[in-house]
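Biologist: Let's go through this model together. I'll ask, you answer.

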Amino acid sequence: MAKAESSVVSDLIDFLNASPTAFHAVDEAKRRLKVAGYEQIFEKGDWNLQPGKKYFFTRNYSTIVAFAIGKKYIAGNGFHIVGAHTDSPCLKLKPVSKVSKGGYLEVGVQTYGGGLWHTWFDRDLTIAGRMIIKEGKGDSASYSHKLVRIEEPIMRIPTLAIHLDRGVNDGFKVNAQSHLAPVLATAAKAELNKTAAENGPDGKPNESLNSSSIQKHHSLLLQILADKAGCKPDEICDFELQACDTQPSIVAGAMKEFVFSGRLDNLCMSFCSLKALIDATVSEKSIEDESGVRMVALFDHEEVGSSSAQGAGSPVMFDALSRITTFFSSDSQLLEKAIQKSFLVSADMAHALHPNYMDKHEENHQPKLHGGLVIKHNANQRYATNAVTAFIFREIAANKNLPVQDFVVRNDMPCGSTIGPILASGTGIRTVDIGAPQLSMHSIREMCAVDDVNHSYHHLKAFFEDFTALDAKIAVDI
């Protein structure tokens, strides 16, 4: 593997290991954008934009939009966008997570998205997410938003021994309500810890544990979170937390050709699009001939339909297009013109051919690992690709000698969908649905190919650099 290509994959591994949740993924993206010279702006405030400059904003700290305005940009010119998502199927803690059964302390969780839940059993799990923390007292109190991640494994969902379920290998059926609660501790050991914590180091009652949160969550869990966040348990006002696998992402396989990791769907595409934008706008010179706006939008809640204030079904991306256009001109018609000059790449991981289940793929559409980005097609508009948008994306690859594949689902199987049709129908922007091929999608541990990480990065970078010139040669609505 060439050194430059190796650095892209190594960078992906770092991104994955820094991003156990959508909040952490946005935080890592924000850090990288700042290092690359992007200026943070805020939806609540006024925007002061300039051609040749780079900006980003977050919404809910789980969605992030970054853009670089071409030096030759004028209001009404198009936006060249790659959209992806920051969320993945997982187990999220319930509002009241305190569960005690059979002498064990368990953590109540709810399923998020369509996960392969059987893969969560017998994994070394921990917790990560965000908390709202109270700082100060009385009228001087304020409330901060803080990310938290417990590094060590503190929970496990144990399987039932085969001796107690002889038919398990005939079909392991998971009851999401009864079977998925992780074990945090035994009640006996937790009681010893609770007694010590309640008395405090000076032997006096620990008032920080006298909180309504104790009625909702195990005091042991709250103490672990408080210790990590550097606060007291009763200063934790609320949280959004999820169970996470502690096994790190790695490059693996006998030939070191695979990436083994959780959340490849869709942090792999989020990373590749982000790195492509950063590297395609590395200096003012790189956008001095650009007349459009290069943009990446990483959304939350794709796995549950995108219908939220920060999902692709929200106006967050359209708001950005509108504010950028109207900042440079008050002409109300220019946004509509800009939309028709724009192009969206909806980047979401694709299904690679599985050697043990080859009949699950249509015989003429079998994406392979190492085969490059997959263009997704569906006549019923489950994907937003059409002949024009597929050609544009394929032509960009051909000019850089990059491989491309095609995918159509079998006629006797249902087809998944992406943010592509949501954004295409909501804005009217030309859209192509694509993704890197992977195996084990929605497992706690997925896999893709090292080569496809590099193909994805180079293809998306070429899209940002070459789209303007290519689009000028294409005539459709004439």
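Biologist: How many bridges join β7 to strand β8?
Modeller: Eight, and the two strands run antiparallel. Before we go on: this is a predicted model, so local features need pLDDT of at least 70, side-chain atom pairs count only at pLDDT 80 or more, and totals for chains, interfaces and linings use all residues. Residues are numbered from 1 along each chain as its sequence is written, and side-chain values use heavy atoms, with hydrogens and water left out.

Biologist: What counts as a strand, and what counts as a pair?
Modeller: Strands are DSSP runs of E with at least two residues, helices are runs of H or I with at least four, and both are numbered from the N terminus. Two strands pair if DSSP finds at least two bridges between them.

Biologist: Which sense does β7 take with β10, parallel or antiparallel?
Modeller: Antiparallel, over nine bridges. M131 has F239 of β10 as its bridge partner.

Biologist: How many residues of β7 are buried?
Modeller: Eight of its eleven, so the strand is mostly covered. Buried means under 20% relative accessible area, exposed over 50%, and partly exposed in between, with a 1.4 Å probe and protein chains only.

Biologist: New topic. What is the strand order in the open sheet of five strands?
Modeller: β11-β12-β20-β19-β15, with mixed pairing. β11 and β15 stand at the edges with a single partner strand each, so one side of each has no neighbour in the sheet.

Biologist: Which helix packs on that sheet and touches β12, β19 and β20?
Modeller: α6, and its direction makes about 35° with that of β20. Axes here are lines fitted to C-alpha atoms, for helices over the stretch in contact, and angles run from 0 to 180 degrees between N-to-C directions. Contact means heavy atoms within 4.5 Å. Helix α11, residues 450–471, lies across β11, β12, β19 and β20 at about 65° to β20.

Biologist: How does β15 pair with β19?
Modeller: In the parallel sense, over two bridges. H351 has Q438 as its bridge partner there.

Biologist: What does V453 touch?
Modeller: Leaving out residues up to four places away in sequence, V453 touches V8, V9, L12, V259, C268, C272 and C448.

Biologist: What is the phi of N60?
Modeller: Positive, about 65°, although N60 is not a glycine. N60 is in the loop between β2 and β3, and is partly exposed at 27% relative accessibility.

Biologist: And S306, buried or exposed?
Modeller: Buried, with a relative accessible area of 1%. Its phi is also positive, about 75°, and S306 lies in the loop between β13 and α7.

Biologist: Last one, the overall picture. How many helices and strands does the protein have?
Modeller: Eleven helices and 20 strands. The radius of gyration is 24 Å, close to the 23 Å that the globule rule gives for 478 residues, so the protein is as compact as a globular protein of that length. That radius is taken over C-alpha atoms, and the rule is 2.2 Å times the number of residues to the power 0.38. Buried residues make up 53% of the 478.
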